[in-house]
Amino acid sequence: MSASFPFSTSVSPLQSHEFPRMPSLLKPRIHLPVLKPMTIALSRVVLPENLKVAASELPKTVAEPAEFREAEGLEVDSVTEAELKENGFRSTRRTKIVCTIGPRTCDFEAIEALAVGGMNVARVNMCHGTQEWHRDVIRRVRRLNEEKGFAVAVMMDTEGSEIHMDDLNGAESAKAEDGEIWTFTVRAFDPSSRPERTITVNYDGFAEDVKVGDELLVDGGMVRFVVTEKIGPDVICHCTDPGLLLPRANLTFWRNGSLVQERNAMLPTISSKDWLDIDFGIAEGVDFIAVSFVRTAEVIKTLKSYIRARSPKSQISVIAKIESIESLNNLEEIIQASDGAMVARGDLGAQIPLEQVPSVQQEVVQLCRELNKPVIVASQLLESMIEYPIPTRAEVADVSEAVRQQADALMLSSESAMGQYPDKALAVLRSVSLRIERWRREEKHYDTTDLPVVSSSFPASISEEICNTASKMANKLEADAIFVYTKTGRIASLLSRNRPDCPIFAFTPTTSIQRCLNLQWGLIPFRLDFSDDMESNLNRTFSLLRAKGMINSGDLIIVVSDVLQSVQAIKVP
Ligand SMILES: Nc1ncnc2c1ncn2[C@@H]1O[C@H](COP(=O)(O)OP(=O)(O)OP(=O)(O)O)[C@@H](O)[C@H]1O
Ligand SMILES: CC(=O)C(=O)O
Ligand SMILES: [K+]
Ligand SMILES: [Mg+2]
């Protein structure tokens, strides 16, 4: 596994697409019924956490304390349930979808529409908005889960110490025309006193670090300027590639064809504002924290131990965003230390030549799979859908490629945060994922990847081998599904990592692990209280799922659990 990349340092030209396009015929949007989770009471064995008794020694049923009865039954995301019933579970979507929530999608109805459309994870980006704004969004997602039976996870994305422009005093964008003179400054202004064509930069060392002749790239080259003069805190620039400046757009500067990394490279990965946002995220109980501009594994380890100390019981997963050159040089250690990774192609494409982004994407996706970490492919998947109701053919090809690589999840950014067609963009991700996944199965593109051992202890490596074997068995026997009973989620991940042909029904007792599993490829997470008596667990789940119409008698199920270290092949009675 190679973790270093040879980079050329040339600046690659890429313009924003300016093709005029015709209004087009749209596929009808998919409307799925929203169903309440159904709770069916059945008697069962309740085993206290600290009581270790062989399953065979347990009575088949015991009277249970009242507090357990509440949580009894089987809960699955209501949209997943509808999909399972509609299409049969062999054809459910394996690739997960993360949607960034922004001004266009922040109200309850809009979030609900995204959830109905298949959003698995809602992302809030702390670069934008206030904590209050994000708190409202997070609570709406939680309320939606509670009231309407979704299991949408929440991801908080840190701002990080990137250099960016100000928020344009609330304007949606500003247009920079070819040849115009703009001033980038470290001075701040009141909205009323801001001079025309003047942008405040958030990094105090900015005016000192840039030199006359440097190129200033907005959002990785969507708009370009050249520095013509420096006057104290003001940097006077000449626009060489016109385009739209968006609020808080990222800025990089380049000298003689290389990215300039002077003092900004010394800024901390997690700024003091980020630590406040992290405290906020822990308090709000987010499921994932995505760390921007990670450079080393150390920062991930520090954050993970901070979360453990602040909130020992929380299940927050830390996602490393791969978007800087340094992260590529330390890729393997970073991914190893994290609970997952994101190929953040937006900033990545501003740090390395664009033509190197696809190979880095493939490398990160592959490495994550080897190390058993979920991976998200992010940014500009459907960029043109910010303005247009259908994607370009090239965008569909890009999404297809990420699905073909079997990334765990795809992410919408501006398309869902501030675009005109968030629901249509989501529907495109869904339909392309379904089509490409089916094509891959039909073509029998079976994976022959030999996955390296990831477990560090002997018992863990037994579970790992069981999962590998179970997946192979499922493919060979053309099983309808794999059922996995897991308290920690680990063996569900190990099964997902094998990318088997059939879906994986993951039963787990806690809602936080259920939400967390929602980011991983091919997993259909259910919340279910189960016991150490696998026979009774199975009988119970079979009858619950049969009653819901989600499985049928005669379906072939491969069963794995962290209770029994075994693989079973069972026909649903
Ligand atoms: N909470 C928000 N409030 C206002 N605008 C937002 C919000 N979240 C996102 N946006 C808008 O959507 C755009 C895309 O969102 P995204 O999260 O991808 O941000 P970004 O700043 O481009 O990237 P990064 O993830 O690198 O921070 C942003 O540039 C911004 O214009
Ligand atoms: C998502 C993100 O941070 C990026 O693409 O830069
Ligand atoms: K961010
Ligand atoms: Mg970024």
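Me: What should I know about numbering and cut-offs first?
Reply: Residues count from 1 along each chain as its sequence is written, and chains are lettered from A and ligands numbered from 1 in the order in which they are written. The model is predicted, so local features need pLDDT of at least 70, side-chain atom pairs count only at pLDDT 80 or more, and totals for chains, interfaces and linings use all residues; side-chain values use heavy atoms, without hydrogens or water.

Me: How is the protein chain divided into domains?
Reply: Domain bounds come from an automatic or database domain assignment. Here domain 1 is 55–88 + 447–500 + 503–571, domain 2 is 90–162 + 272–442, and domain 3 is 168–266.

Me: How do I read the interface between domain 2 and domain 3?
Reply: The size of an interface is often given as the accessible area lost when the parts come together. Buried area here uses a 1.4 Å probe and is summed over both parts. Between domain 2 and domain 3 it is about 1100 Å², with 42% from carbon and sulfur atoms. Contact means heavy atoms within 4.5 Å. By that rule, 14 residues of domain 2 meet 14 residues of domain 3. The C-alpha centres of these two domains lie 27 Å apart.

Me: Is Glu162 buried or exposed?
Reply: Buried means under 20% relative accessible area, exposed over 50%, partly exposed in between (1.4 Å probe, protein chains only). Glu162 counts as buried because its relative accessibility is 9%. Leaving aside neighbours within four places in sequence, Glu162 is in contact with Cys127, Asn202, Asn250, Phe293 and Asp347.

Me: What makes up a nonpolar core?
Reply: In soluble globular proteins, nonpolar side chains tend to be buried together. A core is a set of buried Ala, Val, Leu, Ile, Met, Phe, Trp, Tyr and Cys residues joined through side-chain atoms within 4.5 Å. The largest one has 72 residues, and Met119, Val364 and Leu382 have the most contacts inside it. Apart from it lies another core of 27 residues, including Ala174 and Tyr203.

Me: Which residues coordinate the potassium ion (ligand 3)?
Reply: Donors are N, O and S atoms within 2.8 Å of the metal (3.2 Å for Na, K and Ca); water is not among the atoms, so sites may look incomplete. Asn125 (OD1), Asp157 (OD) and Thr158 (O) coordinate the potassium ion, at 2.7 to 3.0 Å. Asn125 lies in strand β3 (residues 121–125) and Asp157 in strand β4 (residues 153–157), so the pair ties together parts 32 residues apart in sequence. Strands are DSSP runs (E, at least two residues), numbered from the N terminus. Both Asn125 and Asp157 are buried. The magnesium ion (ligand 4) is 5.3 Å from the potassium ion (ligand 3).

Notes. Helix = DSSP H or I, 4+ residues; strand = E, 2+ residues; numbered from the N terminus. Buried area = accessible area lost by both parts, 1.4 Å probe.
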